[in-house]
Amino acid sequence: MLNNNIFYHGITRKIIVAFGSLFSDIRINRKMDDETIQTIAVPIAYAPKEKWLVRIEQDPNLDNHTYTTLPRLSFEITGMNYDAGRKMNRMGFVTCGDGDSNMTKTYSPVPYNIDISLYCLTKTQEDALQIVEQIFPVFTPEYTISLKGVPESNIIIDIPIILQGVSIQDDYDGDFNQRRFVTYTMNFTLKANFYGPVVNGKIITNTLIDVNNITDTAIYANHDAEGNPTTGVITDNWTENI
């Protein structure tokens, strides 16, 4: 083991939950003669796109009972890369106090970029456009969320979410028995920080200084009787005002 202190802050899990919650309240309207006749909530799940595509192709008419319906959203982590541009001094500490003479400290976080792909699967382009137009204005191209990254130290971390690009796939070729579906793939980059183990300690509230054995000459700040600042010199334990 790299160290004897086993720890887990659950930062990646919190990022995934927070990312999915951003798109959990998307709805689309079905209209007839400019009148809304149906409002559909778009479900979202953590799953690769291929899982839903295989299910649709094997049962194009959805004759079997299944929860896989369109439209829907899914997302997955596609990569994690070290971000050298946000590197901090690795010997630095992040110290936090709880206001009750207790403190915790941990080493400076390690920056990583997490790549996440969000898939939008629909039956028509109209449904897809309604979904993506509710997403695009939020990212310009960045949107920042705040998470409680390290509960032991009450460390709040800000996670910028950057929309890198969008790709579109419209499978409209084929015979009449083949079901058409439209896929929008939105690629995001999340700038995350990962923290190491947390060490508990006490806050320093008192200090003891021995001034009885001063041998070197030191210059210090002093004030006269009127409160004006002066300069003093300590020599052989005697003070002389200048």
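**Contacts, burial and strands**

Mentor: Of the contacts (heavy atoms within 4.5 Å) with a separation of 6 or more, 66% join residues 24 or more positions apart. This is a predicted model: local features need pLDDT of at least 70, side-chain atom pairs count only at pLDDT 80 or more, and totals for chains, interfaces and linings use all residues. Numbering runs from 1 along each chain as its sequence is written, and side-chain values use heavy atoms, with hydrogens and water left out.

Trainee: How many helices and strands does the chain have?
Mentor: Helices (H or I, at least four residues) and strands (E, at least two) are DSSP runs, numbered from the N terminus. The count is three helices and 14 strands.

Trainee: What share of the residues is buried?
Mentor: Buried means under 20% relative accessible area, exposed over 50%, partly exposed in between (1.4 Å probe, protein chains only). The chain has 242 residues, and the buried share is 34%.

Trainee: Is Lys123 buried, partly exposed or exposed?
Mentor: Lys123 sits in the loop between S7 and H3. Its C-alpha is 4.5 Å from that of Phe181, 58 residues apart along the chain. Because its relative accessible area is 34%, Lys123 is partly exposed.

Trainee: Which side chain makes a polar contact with the side chain of Asn113?
Mentor: Asn113 belongs to strand S7 and is buried because its relative accessibility is 14%. Leaving out residues up to four places away in sequence, Asn113 touches several residues, including Gly79, Asp83 and Thr189. A polar contact is a pair of N or O atoms within 3.5 Å; within protein, one must be able to donate a hydrogen and the other to accept it, and residues adjacent in sequence count only if both atoms are side-chain atoms. At 3.3 Å, the partner is Arg86.

Trainee: Which residue in the hairpin of S8 and S9 takes a positive phi?
Mentor: S8 (142-150) and S9 (155-171) pair (at least two DSSP bridges) in the antiparallel sense, over eight bridges. Tyr143 stands opposite Ile161 in S9. Four residues lie between the strands, and the one with phi near 55 degrees is Asn154.
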